[in-house]
There are 6 protein chains.
Amino acid sequence: MSRILYISPLVVHGRTFLEVDPAELRSGNTLTSIGFTRGPRHLEYHYYETLVLPDLVRTIAAAEARGFDAAVIGCFYDFGLHEGREIAENMVVTAPCESSLLLAASLGHRFSIIVGRRKWIPQMHDNVVRYGLESRLASFQTLDLGVPAYHADEAETERRFVAAGRRAIEQDGAEVIVLGCTASAGFYRKLQAQLCVPVIDSALAAVKQAEQLIELRDRFGWSPSKIGGFESPPKPEMAGWNLADGYEPADVTSLWDVVGGAL
Amino acid sequence: MSRILYISPLVVHGRTFLEVDPAELRSGNTLTSIGFTRGPRHLEYHYYETLVLPDLVRTIAAAEARGFDAAVIGCFYDFGLHEGREIAENMVVTAPCESSLLLAASLGHRFSIIVGRRKWIPQMHDNVVRYGLESRLASFQTLDLGVPAYHADEAETERRFVAAGRRAIEQDGAEVIVLGCTASAGFYRKLQAQLCVPVIDSALAAVKQAEQLIELRDRFGWSPSKIGGFESPPKPEMAGWNLADGYEPADVTSLWDVVGGAL
Amino acid sequence: MSRILYISPLVVHGRTFLEVDPAELRSGNTLTSIGFTRGPRHLEYHYYETLVLPDLVRTIAAAEARGFDAAVIGCFYDFGLHEGREIAENMVVTAPCESSLLLAASLGHRFSIIVGRRKWIPQMHDNVVRYGLESRLASFQTLDLGVPAYHADEAETERRFVAAGRRAIEQDGAEVIVLGCTASAGFYRKLQAQLCVPVIDSALAAVKQAEQLIELRDRFGWSPSKIGGFESPPKPEMAGWNLADGYEPADVTSLWDVVGGAL
Amino acid sequence: MSRILYISPLVVHGRTFLEVDPAELRSGNTLTSIGFTRGPRHLEYHYYETLVLPDLVRTIAAAEARGFDAAVIGCFYDFGLHEGREIAENMVVTAPCESSLLLAASLGHRFSIIVGRRKWIPQMHDNVVRYGLESRLASFQTLDLGVPAYHADEAETERRFVAAGRRAIEQDGAEVIVLGCTASAGFYRKLQAQLCVPVIDSALAAVKQAEQLIELRDRFGWSPSKIGGFESPPKPEMAGWNLADGYEPADVTSLWDVVGGAL
Amino acid sequence: MSRILYISPLVVHGRTFLEVDPAELRSGNTLTSIGFTRGPRHLEYHYYETLVLPDLVRTIAAAEARGFDAAVIGCFYDFGLHEGREIAENMVVTAPCESSLLLAASLGHRFSIIVGRRKWIPQMHDNVVRYGLESRLASFQTLDLGVPAYHADEAETERRFVAAGRRAIEQDGAEVIVLGCTASAGFYRKLQAQLCVPVIDSALAAVKQAEQLIELRDRFGWSPSKIGGFESPPKPEMAGWNLADGYEPADVTSLWDVVGGAL
Amino acid sequence: MSRILYISPLVVHGRTFLEVDPAELRSGNTLTSIGFTRGPRHLEYHYYETLVLPDLVRTIAAAEARGFDAAVIGCFYDFGLHEGREIAENMVVTAPCESSLLLAASLGHRFSIIVGRRKWIPQMHDNVVRYGLESRLASFQTLDLGVPAYHADEAETERRFVAAGRRAIEQDGAEVIVLGCTASAGFYRKLQAQLCVPVIDSALAAVKQAEQLIELRDRFGWSPSKIGGFESPPKPEMAGWNLADGYEPADVTSLWDVVGGAL
């Protein structure tokens, strides 16, 4: 009954796999996965996030206007999460890092996050701190692999994941592993079998948290507080400034590249 | 399809309301609520928790043996949570404080917890710290009301809740309110209407988290890590010591006082 | 000898005062102040930041290409600071909050930040934490005044600043006051006289830090580390993707509204 | 003149050594060591603590009734410490972890705790945090040895202790070592000689702190604050509920296994 | 049997009361109280501490040479504590703030420190943080009274102490009160009676901790670790530099003003 | 136009190099470097700091009386920094550790400090914490080299610096390196070339911060807050006590050993 939009905030054309299998949704819920027709092909650099951010946030607003119940941001940097919760009046917005950490926190004492390159760690570490969960972080571990290489040689990637997971478990005291990139899709189950600890796929975590938050919103009225950081901008002010005119395309959905599901 | 046991770890006879309305469960799931036939009538004192703890943890073990999918601990002190996750081989265990905080963390920047008496704060504050979320805590606010008085004069209790919530919001910067006692059942919706921020009923939060964790466990195999603090005690060791004999009753279910649902 | 670009990342047309008086620069240095010809007129909402961010970061890149020695971001949310340090190969980038806090840290034991509305606090608090200086923060105090109202009735604004400063000093233990908005320009000197503690104007702090960092870079080679979070995106990758084409205008400087100084 | 009860909260029959040599007490003080006649033989699992906790806390209450001046909990998990300080009206209650850490804090900059197995670390780490001393913790180091094995091959155990201590000192910066299990009794002196840093035997630390707290209570009236977490449960309430009847044996002292000293 | 030197590191002539009554020592132990014949008459300013520090640290060295078992620093700023533990080869050194905090930590969940003037707070707060116990600090409260005024009108001082203690307990959640100045001597017992929580006299706490640490050193060899911050300077180096000659008087004991006890 | 006094707080006779090359000052500013004619030859031990501290703080007071605009403390322990800011009425006082850390904080996500011996770490770590920047500290790394050996075999010292820097970067995640001793003068440039990250020479950082703070003071009136920890002692009180007489030499400048610049 609920409609969820999964946004890979980058150019996805040519990609044939989906980060989240719609079969993993609750019965009755539907998942639409989109990418963009312009922008970068991965998001390792903040500059790339910068370029994409307005398309992402405007996509979140457009999703609410089109009646989606939730928008899920498909990047472990979680960029646009707080902005999305501000712009959305009532739609659920989730992102992989927050979702994974709030889940990992109840599955063990300390978690480690496995990333591709050390470049990513500062922004992600800042997010762990902002989410308030730094004391539960055992470590970051690195694959020494850029995003585009994750699926180049999957056997090698898996080997590195296992090695990084072992270091996290044995040297850093991790009890739970979080895969710190949505490009890790497809690996968690094999790693879980080899490492014998929960291994969180962050895109799945974000989609499932979205379903849960939709239900809590609908049943109990629990949705982001609008008296502080998530207070939405006043529509009259935006209209008065003709804000929408300044940035084109006027209809951001023209940029959507629908990969799975239906609009 | 999933069966959840809600445990009020105290003597409940004579109580006619349920802390969690079974109608709030996902379609197909069932909730059984129990209390105990021995022990204290409220749990403000650690000594009372102490007496009840073995019955609670053995109840968790018994619930798993009887095929429940989750056990929910019905006390905001969350006592027995880590012990329960240790003894359970695969069943989900949740508790109100952890569930509420992990939820509140995604709904706003800071949350406040409203408790009955300052006596409760140290143990609850320790839990906030253990869960790693102290940086998200705006404050504790107090009703100056013991548990037995929560439902003595509900209009007065509501008035105090609203006043405490206002202090939290205006003086302490809270954006989200958590009701820090499962005896707060019944109040959240009115408070939410008056305070205009999300007001979390912690018993509901714990039950809904239980449903979610059951689904995540069944779909993805994500359940508490067994390589650290939640490693279960070895059955042969317990058998060799005749541990079960030392403490009676041998069958803890003889102490259960079923309030709602079916065993 | 050094050229500094001060960027007010919003539409400034009609504004006749400058946030930073060029007379406050070191002898020989020059300051150019710009705003944008499109976008919001204030930045209280994250959505407004979002829209402006690409213009801001591309402006930083353009400034480096045009030979500026530093770019200063004119908004206390400091948005674009880390992104700017990433995209800049060697140009200095500063922002008001970071500059003020690093200065305040050496002037007293604890500082308070005076903001306009509580809406601003979560993002600013996150920044204090990210900059590592939360233990030096005495409090946030609020004027209950939106940015557009700062200069509507300056006597009233001053009165509120003094009252907020007194609360910070007397109740919260602040020894230093930071004015948490670049729209506070013009107030610090009077407040300093009345409050008898240092009162930091954050735009001035950011410009003066920029001058200092230029000198340190030129003398000693000290500039942002490029091995982690500030690693710049690879030019060949961006060229291969025709990234510049995706977003227009191709030449961001066409959006610049030069208020003071010379390009 | 003061009487101290040392409680090994497990079945000790057959054990011939005492964790604390009565000769280490202040002249005139007496030490009685007891174990229990039912329960587990070690306490590595929280479930074992759970079973024993009511006997432990009721033992603390019984000790006060019998005129003991202090009860010392003989397990480094410190379980029952806060519960004991709540139930005791005026008797001193101490436990090994808290005692060792408060001592270690004045002997050097950072301390490391050597435990048997990683299973123990989460609960012990939580205690370090609750006691407020996490910033003084250099690390946990592990022997990879269960409690029952500590005295199986003492030369091997000593060898592992020295290796773990060296890692703590050389890699983690520890200046002080704490032996994180009361089963470590007998090792501290040899380790101290080899490691050349203070090595705290936690059972001794707890007994000596008990003596000190007795003296401070008697001289200056300094004993646990009764206005917060340590507020005792009201006797009329417990009597009204017939709480004592619910749990047997009515007289917990029937379970005591006196190993040393006199009742 | 043990000899303790209590050092009031200022000019005490004309003072007729002792901060620590020798009757409060363990039977057999002796206390000698000294002040200095030069220097300031109170220590509110860091400059005053500065002038006195060498006399204090050299006094500690002289005390060890004369066979004292412990030196107690009689100022709540604890200046000279780490320096004293460095220069002492084996003598115990304690100071009021550290002693009080390590004691308060076991008596309740949070403590407040009552100081004379806000001027004192930054250095004392830094010490709380260095000792690792900031998470246990409820607040500082201020008497608005300089040290020389503490005993000018003792009824007024007591009235202010009670008011400050009430604020700490009721507003800040303190369960324990620490009197943050050794000039508070004489007040703790009356305050304890009125506030109904433990009220720590810091000079007494320091002397009693000294006695305890002497015993632990003598029984178990537990004394400050000498492999890190407390490593003593090498005597040959000091001799080679004729360090002693540079500063006079050569024999610091010529500056001692013995108030109580015997050298 | 501004005059800066660089104080090496130890006996420097025989030393022929200056820690700070006057050519590194802003045009028009002058640097005078002094040492002392009495005291230790290095400052690894707190006792040595103790002896020198009054000469240092009185030198700061004398420098202000002689019209210097700033005093820079030439030791990475930063001892005398807070005392100096208290005694100085309006003169700028800086020290290497604070200056380096406030600079490093804007150059990367985490910094490491390279020290000579582990002995130094506790006091320096305490300073990092006091300055509020612990969350930005990646690690301390050690050369295993005492101060006097830094320039004994400079090739070997450089080799150790490079090795320590590599460990910091690769194992600890440092993006910036701080050389934690003013005796490191001369090394930073070569290390920077080899390590490819900013390497901060702390003496240079302190002198440059002094110049900046002079300018900010003169332009904007920003100087240390005098309402808290830096409140200066009252001159009448000092005069009334004849404080100056108690300690000789009355004129501390008689102890100055001028190495470079002019008085």
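Tutor: Let's start with Ala168(E), which counts as buried because its relative accessibility is 0%. Here buried means under 20% relative accessible area, exposed means over 50%, and partly exposed lies in between, with a 1.4 Å probe and protein chains only. This is a predicted model, where local features need pLDDT of at least 70 and side-chain atom pairs count only at pLDDT 80 or more, while totals for chains, interfaces and linings use all residues. Residues are numbered from 1 along each chain as its sequence is written, chains are lettered from A and ligands numbered from 1 in the order in which they are written, and side-chain values use heavy atoms, leaving out hydrogens and water.

You will find Ala168(E) in helix α5 (residues 154-170) of chain E. Helices (H or I, at least four residues) and strands (E, at least two) are DSSP runs, numbered from the N terminus. Setting aside neighbours within four places in sequence, Ala168(E) is in contact (heavy atoms within 4.5 Å) with Ser112(E), Ser139(E), Gln141(E), Gly173(E), Ala174(E) and Ile177(E). Met238(E) is 70 residues from Ala168(E) along the chain, and their C-alpha atoms are 48 Å apart.

Now for charged partners. Side chains of opposite charge can pair when their charged atoms come close. A salt bridge here is a side-chain nitrogen of Lys or Arg within 4 Å of a carboxyl oxygen of Asp or Glu, and there are 108 of them over all chains. In chain F, Lys208(F) is bridged to Glu211(F), with the closest N and O atoms 2.7 Å apart. These two are three residues apart in helix α7 (residues 202-220) of chain F, so about one helical turn separates them. Lys208(F) is buried at 1% relative accessible area, and Glu211(F) is buried at 2%.

Other bridges link chains. Glu24(A) pairs with Arg219(B), with 3.3 Å between the closest N and O atoms. This pair runs from the loop between β1 (3-11) and β2 (30-36) of chain A to helix α7 (residues 202-220) of chain B. Glu24(A) counts as buried at 18% relative accessibility, whereas Arg219(B), at 23%, counts as partly exposed. Both belong to a network of salt bridges whose members include Arg26(A), Lys208(A) and Glu215(B).

Glu44(A), Phe76(A) and Tyr77(A) supply 40% of the area that domain 1 of chain A buries against domain 2, more than any other three residues. Glu44(A) also forms a salt bridge with Arg117(A), the closest N and O atoms being 2.7 Å apart.

How values were computed: Buried area = accessible area lost by both parts, 1.4 Å probe.
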